[in-house]
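Reader: Please take me through this two-chain model, one point at a time.

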Amino acid sequence: MVNRVVVGAHYGLRDWLIQRISAVVMAVYSLFMAVYLLMQPRLDYDVWTELFSSLVMRTFTLLFLMCLFYHAWIGMRSIVMDYVKPAGLRLAIHVLVILASLLYTIWSVQILWGM
Amino acid sequence: MKFKIYRYNPDTDTVPYMQDYDLDIEVNGKMLLDAILLLKEQDDSLSVRKSCREGVCGSDAMNINGRNGLACTTPLASLKEPVVLRPLPGLPVIRDLIVDMTQFFKQYHSIKPYLINNDPPPETERLQSPEQRAHLNGLYECILCGCCTTACPSFWWNPDKFVGPAGLLQAYRFIADTRDQATSERLDDLEDPYRLFRCHTIMNCVDVCPKELNPTEAIGNIKDMMVKRLV
């Protein structure tokens, strides 16, 4: 094997930063949801549809879900980098996770705006 | 005092095994290394590295009751019996408690652990203010014993790609040095999903460091500098 010079791949910072920022968004959303649900004396279909009828709530939820998918992608990639060594299999898993995330994002829009 | 020590001699053993020892020793005021040297008098096939016997050289790092540490600075009285001694985890064993540190030092050398300054050498020393010098406290004291790096799961999985806490602490030691002129190149070299970002802030390094240094903080400082450079 060629004796490569060890040097940085010049990426990784953005992913690390996005993982931290997305974690903050998810924490705020989760906290809001927990407080909202605790403050409802009764939770039925009407209350739920009213909450999601506003554009702000739909957008906030979509933002939360997109943060979740991106956060999960970075986490999944970290796991694959540690445990899956063959490059072909690793690439296949990466592509699958990315495609699944995109699919879930489209599905989330359909659900949120179809309510 | 009872001991259970990891034994492996590649010339005669096919697999490593744990050997029991019993030692008659007054524990007060004695360090673990004193006991190991007395055990070695009983059984001279027991192999261990040691040199300064006062926590400066970093030779006698080992896994003591499941936790990495220096035998020479670990008081016998602090240990639960039987005292289980194993070589540092995650590195190839040469014999008994002696590990092959090649990979560890390869990572250390990869961060260029020396001052890079292209100015012509001055007549006197390159001076720093006391404040500038204070930034090196908690960084320069590292003795490269390997306790932190071999306690790090990220290093266990990727010893060839992740620099490890000891190497990254030293990387920051030169990044923080005002006399060094290669800060940007050093940050470029570390900006890598493996070399730096394999650190997931597990903090085993901080937990075990016999010099009570904080590699996690140094790694955080490197990330901070990268973010400041980016925005």
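This is a predicted model: local features need pLDDT of at least 70, side-chain atom pairs count only at pLDDT 80 or more; totals for chains, interfaces and linings use all residues.

Reader: How many helices and strands does chain B have?

Author: Helices (H or I, at least four residues) and strands (E, at least two) are taken as DSSP runs and numbered from the N terminus. The C-alpha trace of chain B spans about 60 × 35 × 30 Å along its principal axes. Chain B has eight helices and seven strands.

Reader: What percentage of the residues of chain B count as buried?

Author: A residue is buried if 20 or more other C-beta atoms lie within 10 Å of its own, exposed if 12 or fewer, and partly exposed in between, with C-beta atoms placed from the backbone. Of the 231 residues of chain B, the buried ones make up 37%.

Reader: Which residues of H8(B) are buried, and why do they line one face of the helix?

Author: The buried residues are Pro215(B), Thr216(B), Ala218(B), Ile219(B), Ile222(B), Lys223(B) and Met226(B). Seen down the axis of H8(B), they fall within an arc of 165°, so they line one face; the arc is that of the directions from the helix axis to the C-beta atoms. On the other side of H8(B), the exposed residues are Asp224(B) and Lys228(B).

Reader: How are H1(A) and H8(B) oriented to each other?

Author: Axes are lines fitted to C-alpha atoms, for helices over the stretch in contact, and angles run from 0 to 180 degrees between N-to-C directions. The axes of H1(A) and H8(B) come within 11 Å and cross at roughly 100°. Angles under 35 degrees count as roughly parallel, over 145 as roughly antiparallel, 65 to 115 as roughly perpendicular and the rest as oblique. H1(A) and H8(B) are therefore roughly perpendicular.

Reader: Which residues make the contact of H1(A) with H8(B), and how do they divide by type?

Author: H1(A) contributes Leu13(A), Trp16(A) and Leu17(A), and H8(B) contributes Lys223(B), Met226(B), Val227(B) and Leu230(B). Ala, Val, Leu, Ile, Met, Phe, Trp, Tyr, Cys and Pro count as nonpolar, Asp, Glu, Lys and Arg as charged, and the others, Gly among them, as polar. The contact has six nonpolar residues, no polar ones and one charged.

Reader: Which helix gives the most to the side of chain B that touches chain A?

Author: The contact takes 16 residues from chain B and 12 residues from chain A. The chain B side divides into eight nonpolar, two polar and six charged residues. H6 and H8 of chain B each supply at least two residues. The largest contribution, four residues, comes from H8(B).

Reader: Which helices do the buried residues of H6(B) pack against?

Author: The buried residues of H6(B) are Arg186(B), Asp189(B) and Leu190(B). They fall within an arc of 95° seen down the axis, so they line one face of H6(B). They pack against H5 and H8 of chain B.

Reader: Is Cys72(B) buried or exposed?

Author: Cys72(B) is found in the loop between strand S4 (67-70) and strand S5 (83-86) of chain B. Residues that Cys72(B) touches include Met31(B), Leu33(B) and Arg53(B). With 24 C-beta neighbours inside 10 Å, Cys72(B) counts as buried.

Reader: Which peptide bond is cis, with omega near -10°?

Author: Most residues other than glycine have a negative phi, and most peptide bonds are trans. Pro82(B) lies in the loop between S4 and S5 of chain B. The cis bond runs from Glu81(B) to Pro82(B).

Methods:
Residues are numbered from 1 along each chain as its sequence is written. Chains are lettered from A and ligands numbered from 1 in the order in which they are written. Two residues are in contact if their C-beta atoms, placed from the backbone, lie within 7 Å. Lists of a residue's contacts leave out its neighbours within four places in sequence.
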